[in-house]
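Have the viewer ready, and try each one before reading its solution.

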Amino acid sequence: MNPLLSAQPAPERREAIGRAGLGSLLAIAAEGGPPSPMALRTITAIRDHLIRLPIPLEELEPLTPEQLAAAVPEPEWRERILRGMTVLALLEDSPGEARLARLEATARALAIDDAPVQAFRHVLDHQFNLVRLDIMRRGFQRGAAAAYVRDEGPAGALQIARSLLKQEDPALARRYRGLAELPHGSLGRAYLAFIDANGFSVPGELGGPPPPVVRHDCCHVLGGYGTSPSEECGVLGFQAGFGRNDPFFTILFGLAQFQLGIGSTPVTAAETGQADPEVIFRGLEHGLGVTRDLISDWDPWDDFPLPLEEVRRQYGIRPRQAVGADPAA
């Protein structure tokens, strides 16, 4: 479970913080006119999968930054609310200067790190290389690469370099293709089936990804996520839920690639308008129940021989259909 998301408000503060958060989301959504359908879907998804309180949106009033600061003195909840407001602003078709001004005023009033707001500013100013740098420095890729080199040593660093230079590595490819010899039902066989079913390549093959990407692909398998743009955003939400890094920048990876058309990976072409907030935040809730960081604190080779269902049980990975089924749980 992501330590930045694992804490919950004290019972006596839960509803007050939830209402303040939703009121602030409503405020950013209402900049420049009535909230859009996308904004309302985003607020509803955050309410249902993170706040998890049945608060009718029609009961809420937009909060000013100063009202939010007075209502929520706790720094951790201030940071979460600002990140939610920024994600909502990024999901809008026209992010706009008014929303940037609201986010900046909120960060000042709350006296917290404005890194998400800076990322939003980079998007608005079309400074896309800075957006990519933000994602690389703060998102999950850095942790995945560091973990791979930790586990594989200097040979792992060389394998990553070869992949980035688009060079084949037959020995590495044979290692992954050898997963076909594992028992049916194992995580390794399931991973290889996922790769082949989607027409992907394994690391070491021409066109294959850098080896650290295998951890992301295993999250698809373990979490039960497909490979459509919406599902890719969902699995990134899943990773944001259990990862140790700032969850905002893991979600930003998906938004840059599939919603904003910026592109956060050279492997696939960037798209626009494909993110679904319900899928993202349901995925985040799904990841919150996972007991291990499957990106930065896990070597899939340790578990490839094990039955897929056993690995899921070991790390508390629930079936997707069960996520959000009981908000009172």
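**Exercise 1.** Is R175 buried, partly exposed or exposed? Then find its salt-bridge partner.

*Solution.* First, some ground rules: this is a predicted model, where local features need pLDDT of at least 70, side-chain atom pairs count only at pLDDT 80 or more, and totals for chains, interfaces and linings use all residues. Residues are numbered from 1 along each chain as its sequence is written, and side-chain values use heavy atoms, leaving out hydrogens and water.

Step 1: R175 has a relative accessible area of 35%, so R175 is partly exposed (buried means under 20%, exposed over 50%, partly exposed in between, with a 1.4 Å probe and protein chains only).

Step 2: R175 forms a salt bridge with E152, with the closest N and O atoms 3.5 Å apart (a side-chain nitrogen of Lys or Arg within 4 Å of a carboxyl oxygen of Asp or Glu).

Step 3: This pair links helix α10, which holds R175, to helix α8, which holds E152, 23 residues apart (helices are DSSP runs of H or I, at least four residues, numbered from the N terminus).

**Exercise 2.** Which residue forms a salt bridge with D151?

*Solution.* Step 1: The partner is R215, at 2.9 Å between the closest N and O atoms.

Step 1: R215 lies in α12 and D151 in α8, so the pair ties together parts 64 residues apart in sequence.

Step 2: Compare accessibility: R215 is buried at 1%, while D151 is partly exposed at 30%.

**Exercise 3.** Which residues of α8 are buried?

*Solution.* Buried in α8 are F140, G143, A144, A147 and Y148. They cover an arc of only 130 degrees around the axis (taken from the directions from the helix axis to the C-beta atoms), which puts them on the same side of α8.

Technical notes: Helices (H or I, at least four residues) and strands (E, at least two) are DSSP runs, numbered from the N terminus.
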